[in-house]
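Work through the exercises below with the structure in view. Try each task before reading its solution.

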Amino acid sequence: MPVEIIPARSAESRPIWFIEKGGIDQAGLAQDAVFWARANDFNGEAGRVLVLAGEKGAIAGALFGIGHEEPESQWALLAGKLARALPEGDWHIEGKLQNASLAALAFLMGGYSFTRYRKKDDKSIRLALPEGVDAHETQAIADAVTLARDLINTPPNDMGPDALEQAARDLAAKYQAEISTIEGDALLAQNFPMIHAVGRAGSIAPRLIDMRWGNEDNPKITLVGKGVCFDTGGLDIKPASGMLLMKKDMGGAANVLGLALMVMAAKLPIRLRVLIPAVENSISGNAFRPGDILQSRKGLSVEIGNTDAEGRLVLADALALADEEEPELIIDMATLTGAARVALGPDLPPFYTHDDDLAQALGRKASETADPLWRMPLWQPYAKKLSSRVADINNVTSDGFAGSVTAALFLSRFVEKAESWMHFDIFGWTPVEKPASPVGGEAQGIRALYQLLKERFPAR
């Protein structure tokens with residue numbers, strides 16, 4: 001279903017009135033429209049759309065209920081329903097609307113559909129942007145969300161490490177970024193032993209994707225994304241049910257590429273670096289084993305307590321590389337633990353950082369953008385749960401408690417020199433349809449992070 005935004009309303013575009021619950025009489029509607037609403041029992045209920053009839057069967061406009069119980073930023077996301085509920089044609093929002101930018105973005109996000117493997121819907125809907133909404137930025141953010149969703153939704157037979165590399169190369173080419181890859185046994189030669197160990201059993205060689213953009217003299221911001229294109233669990237194999245969504249295990253990589261798109265489209269004055277360890281955690285005669293001790297780029301030896309905790313291993317080598325530059329900020333994103341889902345569910349990703357000011361600023365942006373995030377503690381007493389009798393650290397704990405926290409603590413061992421570091425344990429998936437999010441791959445946290453970076457490093 002092609003869904004677009006256009007800069008301004010035309011003579012043919014039809015109006016949409018946003019109606020609060022119980023506010024039908026205060027909306028300034030013509031009397032016929034009020035009568036029609038009452039006849040159809042419409043009273044501004046959140047998310048409900050009522051098309052208004054015009055002369056000779058024409059469509060005169062639409063009423064859209066926004067309720068009154070949700071926070072302002074959340075009800076703006078309700079506009080995603082419009083993309084799926086309105087008849088085709090051009091539309092515009094009637095009257096002033098708070099959070100108009102978020103509503104316009106929600107319209108585009110709600111119209112998303114993954115059509116690579118099925119016939120496309122020819123229905124076309126266009127929304128004229130409300131006054132004051134930045135068309136370029138709105139489209140760039142929507143494109144970033146679409147990129148993340150498309151990459152996650154693509155099945156592993158078409159989204160292996162090589163295809164993920166190509167997606168990064170396509171993005172780099174669009175924004176004139178530099179990109180290079182270290183692949184296969186070259187990972188050993190260049191000291192990325194854990195990326196190699198996790199990915200060596202796959203039929204497609206493991207690799208580290210390294211993309212750079214921006215002036216080298218600008219503040220250095222590095223994004224690291226987990227790119228496990230499929231996760232069997234390795235020799236500690238997952239049950240069949242546990243593998244059904246494992247195409248999304250590269251969701252961290254998909255999300256950092258989406259965030260990179262927004263940063264580059266906005267031309268923020270930073271030196272951006274994106275690192276993606278792209279692997280498959282497969283089973284073969286040369287797969288790494290429980291009980292193995294792996295060396296890391298950092299120099300720490302890691303005992304493998306479970307091969308299904310592979311994401312933190314590939315991230316650790318990439319984080320060590322990122323840290324060597326002493327950047328101002330490292331952000332890593334990963335579909336890392338089921339424990340995060342148990343703690344906070346699929347819609348509220350936890351994040352970890354030692355930087356209190358950064359955490360507070362991000363919390364504000366998460367609220368403003370309706371891109372929910374929740375800070376969790378790097379509780380240092382739990383670090384001893386990762387101890388090993390035969391290596392510097394184990395990749396898992398033995399008691400099963402605080403899995404997301406201990407995973408973050410594991411990663412923290414590989415970051416020392418960066419001014420600030422943030423780790424995001426995302427789900428990367430929408431399991432139940434929401435107004436601006438169909439079921440499937442999801443961008444989580446990156447809209448809030450973009451606004452944070454934009455505030456800290458405003459375009460000149």
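**Exercise 1.** In this predicted model, find how helix H10 (residues 251-266) packs on H15: at what angle do the axes cross, and within what distance do they come?

*Solution.* 
- Start with the general idea: two packed helices are described by the angle between their axes and the distance between the axes.
- Apply it. The axes of H10 and H15 cross at roughly 35° and come within 10 Å.
- H10 and H15 make a right-handed crossing.
- List the contact. H10 supplies Asn255, Gly258, Leu259, Met262, Val263 and Ala266, while H15 supplies Ile446, Arg447, Leu449, Tyr450 and Leu453.
- Sort by class. The contact of H10 with H15 has 8 nonpolar, 2 polar and 1 charged residues.

**Exercise 2.** Now take helix H13 (residues 356-369) and helix H15 (residues 446-456). At what angle do their axes cross, and what is the hand of the crossing?

*Solution.* 
- Read the geometry. The axes of H13 and H15 come within 8 Å, and they cross at roughly 120°.
- H13 and H15 cross in the right-handed sense.
- Name the residues. On H13 they are Asp357, Leu358, Ala361, Leu362, Lys365, Ala366 and Thr369. On H15 they are Arg447, Ala448, Leu449, Gln451, Leu452, Glu455 and Arg456.
- Count by class. The contact of H13 with H15 divides into 7 nonpolar, 2 polar and 5 charged residues.

**Exercise 3.** Follow the pairing through strand S5 (residues 89-93). How many of its 5 residues are buried, and which residue in S6 is the bridge partner of Trp91?

*Solution.* 
- Count first. In S5, 4 of the 5 residues are buried, so the strand is largely enclosed by the rest of the structure.
- Go to S2. S2 and S5 run parallel and are joined by 3 bridges. Arg14 has Trp91 of S5 as its bridge partner.
- Go to S6. S5 pairs with strand S6 (residues 125-128) in the parallel sense over 4 bridges. In S6, Trp91 is partnered by Leu127.

**Exercise 4.** Describe the setting of Leu344. In which helix is Leu344 found, and which residues does it touch beyond four places away in sequence?

*Solution.* 
- Locate it. Leu344 lies in helix H12 (residues 338-344).
- Judge its exposure. Buried means under 20% relative accessible area, and exposed means over 50%. Leu344 has 22%, so Leu344 is partly exposed.
- Find its contacts. Beyond four places in sequence, Leu344 touches Pro349, Pro350, Trp374 and Met376.
- Check a distance. Leu344 and Val256 are 88 residues apart along the chain, and 21 Å separates their C-alpha atoms.

Key:
Residues numbered from 1 in each chain as written. Predicted model: local features only at pLDDT ≥ 70, side-chain atom pairs only at ≥ 80, totals over all residues. Heavy atoms only, no water. Axes fitted to C-alpha atoms, helices over the stretch in contact; angles between N-to-C directions. Helix = DSSP H or I, 4+ residues; strand = E, 2+ residues; numbered from the N terminus. Left-handed = near helix turned anticlockwise from the far one by under 90°. Contact = heavy atoms within 4.5 Å. Nonpolar A, V, L, I, M, F, W, Y, C, P; charged D, E, K, R; others polar. Buried < 20%, exposed > 50% of the residue type's maximum accessible area, 1.4 Å probe, protein only. Pairing = 2+ DSSP bridges.
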